[in-house]
Amino acid sequence: IFNNSSINIDDNGLPYSNKLSFPYDESIKKASLEFNGGAGAFKLLTNENELFLADSKNSGTAMQMDSKFKNGVQSLEVNAKSSRAAKKGEMEMSLNEKPEWDLSFNYGAANIKGDLQKLRIAKLEINAGASNLDLTLGEPQVPTAKIEIATGASKIHLRIPKDAAVKVEYTSLVSKNHFEGFATQGNGEAKTANYDSAAQKY
C-alpha cells in the first residue's frame, strides 16, 4: 500500500499522499510546522516559491496535512505513517525562506540532515529517538531564536556561523559534548563571547 500519489486512509477525514504542497502568499509573515512521523531518513531544505513541500521517496510512507490560519500565523500539521513493507528511502521537506518559522519535528529513530541557512527560525524543536542530526543554520534573524533538542542516544552536529551569538544549555548523562568557538563552558552551559551584547542570538 501507499504506492500511489494520493491515498485515502481516512483516520481523521484527511487524505494521505506521497507528496504534499502548500502555496506561499506574500501575506504570510509567520508560519509554523508540526511534523509527526516514524523512523527514517529526512532531508530539510529551503525554497522561494511554495510555503511547504514534502516528497516521500520511500514508497512505503505516506503523509497527511492539516492547515489553519489564525492571528496572522499560517499553521501546518503533517502526520506520516509507514506500511510494514516500507522500503528504505529519504523524505525531503522544503520550507519557504520568507516567513518567520516555528518548527516542531517529532520522530522515532531518525537520520536528519539539512541546510537551513536561509530560513528565518524563531523556534526549532526536535524530539526523536536514537538519531543522527546534521543541520546547517544561518545567522539568527530574530531577537532570540530558540532551539530545543531532546533525543535518545544520538550524534548531534549543528553548524552555525562563527560570528553568531549562541548560548547552549544542556543536560547529558552519557554523551560527549564539544562546543567549538565558545568562550565559556561548564555546568551545563556554553556561551559565545558576544552573546550578552548581541541584538539577535540563538
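**Figure 1. Ser 21 and its contacts in this predicted model.** Ser 21 touches Phe 52, Leu 53 and Met 65, leaving out residues up to four places away in sequence; contact here means heavy atoms within 4.5 Å. The residue sits in strand β3, where strands (E, at least two residues) and helices (H or I, at least four) are DSSP runs numbered from the N terminus. Between Ser 21 and Met 65 there are 9.0 Å from C-alpha to C-alpha, with 44 residues separating them in sequence. Ser 21 counts as partly exposed because its relative accessible area is 44%; buried means under 20%, exposed over 50%, and partly exposed in between (1.4 Å probe, protein chains only). A word on conventions: this is a predicted model in which local features need pLDDT of at least 70 and side-chain atom pairs count only at pLDDT 80 or more, while totals for chains, interfaces and linings use all residues. Residues are numbered from 1 along each chain as its sequence is written, and side-chain values use heavy atoms, with hydrogens and water left out.

**Figure 2. Phe 52 and the largest nonpolar core.** Which residues touch the most other members of the largest nonpolar core? They are Leu 33, Phe 35, Phe 52, Met 93, Phe 105 and Tyr 107, out of 43 residues in that core. A nonpolar core is a set of buried Ala, Val, Leu, Ile, Met, Phe, Trp, Tyr and Cys residues joined through side-chain atoms within 4.5 Å. Setting aside neighbours within four places in sequence, Phe 52 is in contact with Leu 20, Ser 21, Phe 22, Leu 33, Met 65, Leu 76, Val 78, Met 93, Ser 94 and Leu 95. In soluble globular proteins, nonpolar side chains tend to be buried together.

**Figure 3. Ser 56 in strand β6.** Ser 56 belongs to β6, which covers residues 50-56. Is Ser 56 buried or exposed? Ser 56 counts as buried because its relative accessibility is 8%. Beyond residues up to four places away in sequence, Ser 56 touches Asn 18, Thr 61, Met 63, Glu 90 and Met 91.

**Figure 4. The second largest pocket.** This pocket holds about 160 Å³ of space. On a 1 Å grid over the protein atoms alone, a pocket is an open set of points where a 1.4 Å probe fits, with protein on both sides within 12 Å along at least five of seven lines, and lining residues have an atom within 4 Å of a point. Points are joined across faces, edges and corners, and the volume is the space filled by probe spheres set on them. Strands β4 (30-36), β7 (61-70), β8 (73-82) and β10 (100-106) each give at least two residues to the lining. Among the lining residues are Glu 34, Asp 66, Lys 68, Glu 77 and Asp 102, along with Leu 33 and Leu 76. By class, the lining has 3 nonpolar, 4 polar and 5 charged residues; Ala, Val, Leu, Ile, Met, Phe, Trp, Tyr, Cys and Pro count as nonpolar, Asp, Glu, Lys and Arg as charged, and the others, Gly among them, as polar.

Figure 5. Ser 27 is in the loop between β3 (19-23) and β4, and its relative accessible area of 47% makes it partly exposed. The side chains of Ser 27 and Asp 25 make a polar contact at 2.6 Å (a pair of N or O atoms within 3.5 Å; within protein, one must be able to donate a hydrogen and the other to accept it, and residues adjacent in sequence count only if both atoms are side-chain atoms). Asn 71 lies in the loop between β7 and β8 and counts as exposed, at 74% relative accessibility. Its phi is near 55°, a positive value in a residue other than glycine. Most residues other than glycine have a negative phi.

**Figure 6. Ile 160 and its contacts.** Ile 160 lies in the loop between β15 (155-159) and β16 (167-169). With residues up to four places away not counted, Ile 160 touches Leu 137, Val 166 and Tyr 202.
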